[in-house]
Amino acid sequence: MHLIRACLVGAGMMVTCGEINFTTPSMAATPQWSQFRGPNNSGVALEAQPPVKFGPAQNVLYKVPLSTGASSPCIYGERIYVTAFDQGQLWTIALDRATGKELWRKASPAEKLEDYNPFEGSPAASTPATDGEHIVSYFGSNGLFCYDTTGKLLWKFPLPPAEVLGRFGSGVSPIIADGKVILVRDVLQTPTIYALDVKTGKPVWDKSREGLITAYSTPVIWENNGVKEVVTAGIGRLVAYDLRDGSERWTVRELPSNVCTSPVVADGLLLFAGWSPGSPDDPTGAMPAFADILKGADKDSDGALSRAEAGASMFAKFFDNNDYDRDGLIEEPEYTQMIDFMKQGKNVALAIKPGGTGDITQSHVVWRQTKNLPYVPSPIYVNGLMFILKDGGIAHAVDAKTGEIKIKPERVGANGSYYASPVAAGNRIYLFNVDGVATVVELGEKFSKLHSVELGERVSATPAIVDNKLYVRTAGHLYAFGTDGL
């Protein structure tokens with residue numbers, strides 16, 4: 001939402017998730033959590049057993065300083081990769097997984113940084129992806145950079161600074177599939193999905209995403225009736241592309257206007273859940289009238305808010321994001337522009353069955369729900385259930401096949417906002433709010449709260465689970481929690 005905040009943001013035995021096979025980190029010959037939210041953006045390590053009890057003084061393998069950034073840990077073997085923003089420079093950093101020691105850092109010089117919200121976001125918000133040989137980082141300021149495991153730059157794919165509605169910055173992360181780097185770049189100028197050869201950086205295909213001018217959703221791969229599809233969420237719709245050549249295969253409409261969550265592959269279905277303020281059919285996200293915002297804040301009664309006046313309003317941390325014309329004032333037409341954008345969307349959780357082509361909004365959507373939806377945290381699929389977390393620490397679970405609510409909404413996590421998506425180890429789910437309060441919940445016939453602890457630092461990056469360890473990036477550190485060494 002432009003008014004409130006930005007969206008941050010191998011070989012071995014195979015486990016089937018829906019119709020696409022992927023390797024879970026705990027069962028892989030090479031331990032890995034090799035992209036945002038791990039295997040195929042699932043957020044799940046089925047057989048892993050990280051500690052249930054952890055905190056600043058409990059089950060800490062190490063806590064090391066880490067330059068600022070909102071990217072999540074990307075892990076392959078004995079290495080951890082992150083992006084960071086430090087002293088005005090963009091970095092890709094490699095760490096030793098056993099100790100947290102920094103092994104190398106490589107700069108990605110940018111002529112100009114993309115606009116971003118310094119209170120809520122970062123120009124290093126995108127999580128790297130790796131296939132074990134190539135480490136690919138994306139920065140909205142300057143494009144894609146690929147390194148080998150020693151930090152040698154193999155190739156780069158320059159892109160101009162990203163511009164999105166509200167100037168919040170980038171949030172989407174690249175993925176690697178079948179030797180291709182996939183990047184969805186929903187920006188004001190020429191929104192495009194790119195597929196590059198991971199070895200050379202040369203374009204394999206790219207497709208225009210006309211009208212999809214702002215989103216923060218990382219794609220997933222769905223094997224749909226034998227065809228591997230790249231499924232992406234954008235303004236108001238899901239779109240699937242053939243991984244081989246980028247041809248558009250299907251579309252589902254009636255999604256939120258400001259999309260932060262990612263789809264999930266689950267038991268033969270594709271799941272999605274997302275929410276954005278301002279949807280006309282959702283009174284819980286109704287926006288106040290501009291006249292009401294001015295009350296008590298518009299000290300000079302000129303019908304607009306200056307930067308100084310905004311400090312007493314809901315725009316306190318978001319002045320630049322709502323001053324569209326950059327004239328030092330937030331005026332009613334700018335506010336109306338944002339409201340009109342929000343009104344385009346429909347908040348929804350849904351499941352899509354395989355086999356469709358074209359517009360499948362009516363033909364292949366199995367079920368829909370419109371309440372208790374997540375803004376930034378993506379849902380996860382565990383034991384036949386779709387687990388959905390919304391701000392305030394409120395969660396519920398639905399049957400993925402039918403949409404039937406199996407566990408009613410209740411507050412299971414700490415209050416406040418959530419930027420980190422939940423991650424699961426077996427039926428235990430790990431939640432982190434932006435204030436750094438961690439909660440562990442067991443998923444059964446009901447929710448059972450197992451643990452809660454304050455880390456004492458902001459958490460906006462989604463954690464990683466590898467080899468019975470939990471890796472958590474805070475505002476200034478990287479934690480590894482576990483009961484034994486690597």
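How many disulfides does the count come to? The count comes to zero, where a disulfide is a pair of cysteine sulfur atoms within 2.5 Å. Cys74 takes part in none, and the nearest cysteine sulfur, that of Cys146, is 12 Å away. For Cys146, the closest cysteine sulfur is likewise in Cys74, at 12 Å, which is too far for a bond. A disulfide is a covalent bond between the sulfur atoms of two cysteines. Cys74 counts as buried because its relative accessibility is 0%. Cys146 is buried as well, with a relative accessible area of 0%. Buried means under 20% relative accessible area, exposed over 50%, and partly exposed in between (1.4 Å probe, protein chains only).

The model is predicted: local features need pLDDT of at least 70, side-chain atom pairs count only at pLDDT 80 or more, and totals for chains, interfaces and linings use all residues. Residues are numbered from 1 along each chain as its sequence is written, and side-chain values use heavy atoms, with hydrogens and water left out.

Strands and helices were assigned next. Both are DSSP runs numbered from the N terminus (helices H or I, at least four residues; strands E, at least two). Two strands pair if DSSP finds at least two bridges between them. Strands of a sheet pair through backbone hydrogen bonds, either parallel or antiparallel.

S14 and strand S15 (residues 180-185) run antiparallel and are joined by three bridges. Within this sheet, Ile175 stands opposite Ile182 in S15.

Another open sheet has five strands in the order S3-S6-S7-S8-S9, and its pairing is antiparallel. Its edges are strand S3 (32-33) and strand S9 (102-107), each with a single partner strand, so one side of each is left without a neighbour in the sheet. Strand S7 (residues 79-86) and strand S8 (residues 89-96) run antiparallel, joined by eight bridges. Asp86 has Gln89 as its bridge partner in S8.

Strand S26 (residues 348-352) is mostly covered, with five of its five residues buried. Val348, Leu350 and Ile352 point one way from S26, and Ala349 and Ala351 point the other way. Strand S23 (residues 269-274) is joined to S26 by five bridges, and the two run antiparallel. Gly274 stands opposite Val348 in S26. Four bridges join S26 to strand S28 (residues 365-369), again antiparallel. Arg368 in S28 is the bridge partner of Leu350.

The largest nonpolar core holds 69 residues, and Leu144, Trp155, Ile182 and Leu271 touch the most other members. A nonpolar core is a set of buried Ala, Val, Leu, Ile, Met, Phe, Trp, Tyr and Cys residues joined through side-chain atoms within 4.5 Å. Helix H4 (residues 332-342) contributes the largest share of this core, five residues. A second, separate core of 34 residues includes Phe54, Leu66, Val82 and Val453. Not counting residues up to four places away in sequence, Leu271 touches residues including Leu350, Ala351 and Trp367, where contact means heavy atoms within 4.5 Å.
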